[in-house]
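User: I am learning how to read aromatic contacts in a protein model. Could you take me through the one shown here?

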Amino acid sequence: MANLADVAHRAHVSKMTVSRVINHPEKVSKEVRDAVRAAIEAVGYQPNRMAQALVTNRHYVIEFLVLEDVVTVEPNYAILLLQLADLLNKKGYTLQISTKIQDNHQIDGVIVSGWRHADLAALEALNVPVVLYGESPLDHDMAFVDSDNRLGTTLATQHLIQAGYDKIIYIGMQVDLPFMREREQGYLATMAANKRVSRVYTVANHSHEAERLIDNLMPHLPENTGIVCATDRIALGVVRALGRNHGIPDKYGVVGFDGVFIDQITSPQLTTIRQPFEQIAQALVDNLFLQLNNGELGMQRLAPDLIIRDTTRH
């Protein structure tokens, strides 16, 4: 394992200079900083975390706080967690998972997912930087990173219109949160712009709830209808209901939203709006470290992609 002396030898400086670059970079010239950092990377040196913590007053631990009901947790958490852990590890930080809001004096910041409006006051009261995965309400100025949810359902609705479906309905999720309102608004605005009549239904984020809704609607649901779903989990239930006796994609088209795992296990495979999780993870980390370094709160929406598969006409 590389040590401080290896870095000093590679950079042609003293061990004290290497230590100063690590702990007090503002006291070292840019030329020396660049040389030492290049040497650190070249030899694979990992600074002692305990020593760094004593100098910088940091713990090198970031908490990922999951406040979602475990019954409705989406598979995207696994992808997001792996990417966050990798990004933080490269910065010398450890990712710690928690399911409860509490003051923890052994962490440097918190990334939050699955929060609800009732959680925001407690999150704002935490004594470390916080960044939300999911757009914060207008009455709470909290840093957040999210997909551009309105753009996502706009793309989904436009695709169904261009694919020739006469009637298009929307099935949303029964939560009053900004991301879900934005998804509904993307559908409504696109329908209005194309002089189409909109129709909105809501269910809990369970596939069997969506399946039951479609079973109830079928006597009144004409053929050549497209269905925009607020999540892939809802879309899974819709596809399951339609797949029993009705043709997909010729008679009915279905588009989901998320693009992780569920969209690939439906039969036929689901057309979906894929969230850019790699970019989301990077933006969450960047946003948090901006706060750690006394920067401004960031509010960022990232564009999703339409992935066309077998539940809609191409």
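Analyst: A residue is called buried under 20% relative accessible area, exposed over 50% and partly exposed in between, with a 1.4 Å probe and protein chains only. The model is predicted, so local features need pLDDT of at least 70 and side-chain atom pairs pLDDT 80 or more, while totals for chains, interfaces and linings use all residues. Residues are numbered from 1 along each chain as its sequence is written, and side-chain values use heavy atoms, leaving out hydrogens and water.

User: Is Tyr187 buried or exposed?

Analyst: The relative accessibility of Tyr187 is 0%.

User: What kind of aromatic pair do Tyr170 and Tyr187 form?

Analyst: Rings of Phe, Tyr and Trp (its six-membered ring) pair if their centres lie within 6.5 Å, and planes under 30 degrees apart count as stacked, over 60 as edge-to-face and the rest as tilted. For Tyr170 and Tyr187 the centres are 5.4 Å apart with 20 degrees between the planes, and the pair is stacked.

User: Which kind of pair do Tyr93 and Phe289 form?

Analyst: Tyr93 and Phe289 are both buried. Their ring centres lie 4.9 Å apart and their planes stand at 85 degrees, so the pair is edge-to-face.

User: The charged end of which residue sits over the ring of Phe257?

Analyst: A charge sits over a ring if NZ of Lys or CZ of Arg is within 6 Å of the ring centre and within 35 degrees of the ring normal. At 3.7 Å from the centre of the Phe257 ring, the charged end is that of Arg183.
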